[in-house]
Amino acid sequence: MNDKSRAVSARQAGVAVLLLLAALIVVAAVLPLPPAAHRAAAGSLVVACYLGFCLWVGLARRAAASPAGGPIAADALLVAYASQTGFAEQIARRSAQALQAAGLPVHLANLAEMGGSALQRFRKALFVVSTTGEGDAPDGAASFARKTLAGDLALAGLSYGVLALGDSSYQRYCAFGQSLANWLHRQGAEPLFDPILVDDGDEGALRHWQHYLNVLGASADMEDWAAPSYQPWTLAERRLLNEGSPGDPAYHLALVAAAASPGGWEAGDIAEIGPRNDPGDVASLLAALDLDGAMPVDDGPGKVSLRDALAARVLPHDEAGRAALRGLPPSQLTQALPRIPHREYSIASLPADGRLELLVRQMRYPGGRLGMGSGWLTRHVPQGGQVDVRLRRNSGFHPPPPGRPLILIGNGTGMAGLRAHLKARAAVGARRNWLLFGERTPDHDFFHRGEIEAWREQGVLERLDLAFSRAAGWPRYVQDCLPAVAGELRAWVDEGAAIYVCGSLQGMAAGVAAELERILGRDRLDELAGQGRYRRDVY
């Protein structure tokens, strides 16, 4: 069955479900039943309607995540997999489902069944590939590796991401995934983000992959495939950094661990935050469903109030969604609503600071509603309130050796990751540091200005270049700073410098990569990436 047939079948099944439920409602309305029986029947029909709705959605999603075989939409995003045990295929299918559930056209394909030239049909592609043995491609993809990766193919205009599955106990860890990523780049394709390496099914790395699915358009409400094991932290400080800015508000936040030993982290690591709903939204839903928020319900290992359970779940924000929940008992209500997935933020401090510091911009949905993660951190959690946090190692963005010069490039709230690296460099006396940073205005959006200027005066920063898009007389974007300093940048790289980029995936990361390629050449940039001297943490 092809994609179109599956979609038609799903619509037909949905229509059949709704017609059956409508018929049941009519029959129940005309039967001569006593009032109590009518009320019981009505409650049962509400549950049936909700379950029918879930069945319809499930059928539609199954149709969306169809394998290759049907016609390919002109703007389809390719999700290709190479699997030895089936795990890579499973992740690829879940990725395709998540993207198509958000309305994106997706083509799911087994890399073993694709000729290399098929890649030229796509403008964007995600690859989920495993490595078997000592660095080999999965058996089914061996022919693709032998015939395609050994040759050249014009792939300019293709943007890609790679999820590489492997086991670090083997010497050639994730070798096939990394070889694929390197080959794609040599053919002119541009990486959306650095390859994500998954060590023996590491759940944190898979959550990071989900984060990038969100960036590419999947629903931000997609439930975590593996929920983080959060620890409680306390919000100790929340300070607006850019009052008067033409951009959205950006806040400096400081969290203090509730436990005496929360565990350490390094510059480059990530804080996974478990956000919660606006308490007003929870109260509104409880009122609409005529339920008592203090009622205890089972939620994981123990009982909590219904209000607290709903605070951590994705809530409907329209009348149709609420209507589907009316009549459900509290236990079924919490089971029907998925848990809010985590949000990721670069850590802007070091353990020696005694606080976990973040830089968070307040985001809004098109209708004006605050974003889930940023709304919780910048407005809804009270100062002194609890924030659920899990620290995740991000070894691909850890500091270089102190003796290596470091070029830091970023924009916006990417300053968080850059700031942590500058703190780490200052702590070990590494003074050959160069910061290039871009934002909107010098008067309102130069985040942590006093600290950065002090580092400049103290010699921690050897060079500082800035760009402001809303101010005359400055380079517009941070990538616009690079052509004028090309000679000095090449000299730093020749002296062994590493280049770290932190900030927005859309616009900045691609613009910086393009300029670095013009200055250094694609081969040199690939060489730096292979040596761990060109690293990116983009979102």
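Q: What do the buried residues of α7 pack against?
A: Helices here are DSSP runs of H or I with at least four residues, strands are E runs of at least two, both numbered from the N terminus. Contact means heavy atoms within 4.5 Å. The buried residues of α7 pack against α8 (306-311), α9 (319-323) and α10 (330-336). This is a predicted model: local features need pLDDT of at least 70, and side-chain atom pairs count only at pLDDT 80 or more, while totals for chains, interfaces and linings use all residues. Residues are numbered from 1 along each chain as its sequence is written, and side-chain values use heavy atoms, leaving out hydrogens and water.

Q: Which residues of α7 are buried?
A: Buried means under 20% relative accessible area (1.4 Å probe, protein chains only). In α7 (residues 279-289), that goes for V282, L285, L286 and L289. Down the axis of α7, these buried residues fall within an arc of 100°, so they line one face of the helix. The arc is taken from the directions from the helix axis to the C-beta atoms.

Q: Why would residues a few places apart point the same way?
A: An α-helix has 3.6 residues a turn, so residues three or four places apart do that.

Q: What happens at the ends of α7?
A: D278 caps the N-terminal end, with a side-chain oxygen 2.9 Å from the backbone nitrogen of G280; polar contacts are N or O pairs within 3.5 Å. After α7 comes D290, with a positive phi near 55°.

Notes:
Buried < 20%, exposed > 50% of the residue type's maximum accessible area, 1.4 Å probe, protein only. Polar contact = N/O pair within 3.5 Å; in protein donor to acceptor, adjacent residues only side chain to side chain.
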